[in-house]
Amino acid sequence: MLSTSASSKKRLLSGIKPTGRIHIGNYFGALKQFVDLQDKYEAFVMVANLHALTGLPTKEELIDDTRNLILDYFGAGLDPEKITLFKQSDVPAHTALSWILSNFVTPAYLERAHAFKDAEAKKKEVNVGTFTYPILMASDIVLYDSDVVPVGKDQKQHIEYARDIALKFNNQYGELFKLPSELIIESVETVPGTDGQKMSKSYGNTIPLFGTDAEITKAVMSIPTDSRAPDEEKNPDDLILYQIHKLFNSSAELKARYAKGLGYGDAKKLLVTDIIAFVAPMRERRKKYEDDPTLVDEILVRGAMRANDVAMAKLRRVYEAIGLTS
Ligand code: ADP
Ligand code: TRP
């Protein structure tokens, strides 16, 4: 059981937005690191449901995506006895601090955020939530004195923003916030999607981590392949198919088979088999939690209490430092 006493371990905090089913890019780029590091760090893992609001989901979508993401976290191997798992909306200190931190940020600075620029390039109208997204994310991180934030490469700038904002606050009111570091594993920082672009829920190019066999097969079959002659030699690393396959089987033997001209049809079948074998124990673990909603609810209540303890203590110190309490 997690104790509420101070831990000597360094802190890890991260989260994923509940916006549709997670994919293997989310897993290898971020979630796997949460799992691998849950013993080494004191880990806080959130469901970033307030950040999900920028896409204006329906109530049913948000409820469904939230429940699925929590089950996916457990399925992937997060152990609720080791980590603090919580819903961002269960900890009001995040939005309270976000307001305070917004006073340290200029619109010009937020306009330079990649995510904002991308959203603006795609849509006619960008909501204020999307614009101020990095401030809420900075709050998520600095409230917990997080040392490391495991994420994929697309989130790197957000962690830089969190550092910048924390530093500005510290310069004015004293060293209250720890400056966090991103933890990005280079080999999986941008997992390619089935079309070769970055795999993303919003590009329709994903292989869902907890998809059915049929969904996984369909996604793999859609990976484009060129018209190489069966025995023509190619560098496997140039193939989207192999770039994805090596996540599940990094053996020299597989690479050699690709290099020697393994037929694409056979390679795809093998990839489907490898993915299904890889996720089999995850599916089983996920099912255990899916069948026990009371346990899941208890874990969330416990997580919210622990997260609130830590976050409120920090917010109180912020209030004192600024002069909001006296
Ligand atoms: P998406 O882009 O699919 O909407 P999210 O923004 O919810 O994904 O990302 C959740 C986490 O997964 C973040 O840490 C993000 O950096 C990581 N991530 C998302 N897509 C990839 C990818 N293709 N490769 C590596 N990491 C990724
Ligand atoms: N912005 C992240 C994403 O799109 C999700 C997120 C919200 C997050 N708050 C965070 C990630 C704090 C790490 C730390 O994936």
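This is a predicted model: local features need pLDDT of at least 70, side-chain atom pairs count only at pLDDT 80 or more; totals for chains, interfaces and linings use all residues.

A: Let's begin with one term: a polar contact is a pair of N or O atoms within 3.5 Å; within protein, one must be able to donate a hydrogen and the other to accept it, and residues adjacent in sequence count only if both atoms are side-chain atoms. Residues are numbered from 1 along each chain as its sequence is written, and chains are lettered from A and ligands numbered from 1 in the order in which they are written.

Now to ligand 2, our close-up. It is surrounded by 14 residues (near means a heavy atom within 4 Å), and the closest are Lys17, Tyr133, Met137, Asp140 and Gln155. Three of these side chains hold a polar atom facing a nitrogen atom of the ligand: in Tyr133 that atom is 2.6 Å away, in Asp140 it is 2.7 Å away, and in Gln155 it is 2.9 Å away. On its own, ligand 2 would expose 370 Å², and the protein buries 92% of that (accessible areas come from the Shrake-Rupley method with a 1.4 Å probe; for residues, only the protein chains shown count as cover). Two elements, E1 and H7, each give two or more residues to this shell; helices (H or I, at least four residues) and strands (E, at least two) are DSSP runs, numbered from the N terminus. The largest share comes from H7, with 4 residues. By class, the shell around ligand 2 has 8 nonpolar, 4 polar and 2 charged residues. Here Ala, Val, Leu, Ile, Met, Phe, Trp, Tyr, Cys and Pro count as nonpolar, Asp, Glu, Lys and Arg as charged, and the others, Gly among them, as polar.

Asp145 sits in the loop between helix H7 (128-142) and strand E4 (148-150). Although Asp145 is not a glycine, its phi is positive, at about 50°. With a relative accessible area of 24%, Asp145 is partly exposed (buried means under 20% relative accessible area, exposed over 50%, partly exposed in between, with a 1.4 Å probe and protein chains only). Leu56 also has a positive phi, near 45°. This leucine belongs to the loop between helix H2 (49-52) and H3, and at a relative accessible area of 69%, Leu56 is exposed.

The loop between strand E1 (11-16) and H1 holds His23, which is buried, with a relative accessible area of 3%. A polar atom of the His23 side chain is 3.0 Å from the backbone nitrogen of Gly25. His23 is also among the residues that come nearest to ligand 1, along with Gly152, Asp154, Val191 and Lys201, out of 19 around it. A nitrogen atom of ligand 1 is 2.7 Å from a backbone N or O atom of Val191, and for Met199 the distance from a backbone N or O atom to a nitrogen atom of the ligand is 2.9 Å. An N or O atom in the side chain of His23 lies 2.7 Å from an oxygen atom of ligand 1. Taken alone, ligand 1 exposes 530 Å², of which the protein buries 94%. Helix H1 (residues 24-36) gives the most to this shell, with 4 residues. The shell around ligand 1 divides into 6 nonpolar, 8 polar and 5 charged residues.

Finally, let's turn to the salt bridges (a side-chain nitrogen of Lys or Arg within 4 Å of a carboxyl oxygen of Asp or Glu). The structure holds 20 of them. In one, Asp39 and Lys82 meet with N and O 3.1 Å apart. Asp39 lies in the loop between H1 and strand E2 (42-47) and Lys82 in the loop between helix H3 (59-76) and strand E3 (84-87), so this pair ties together parts 43 residues apart in sequence. Asp39 is partly exposed, at 45%, and Lys82 is partly exposed too, at 33%. Another salt bridge joins Arg306 and Glu42, whose closest N and O atoms are 2.4 Å apart. This pair links distant parts of the chain, with Arg306 in helix H13 (residues 293-322) and Glu42 in strand E2, 264 residues apart. Both Arg306 and Glu42 are buried.

Note on methods:
Side-chain values use heavy atoms; hydrogens and water are left out.
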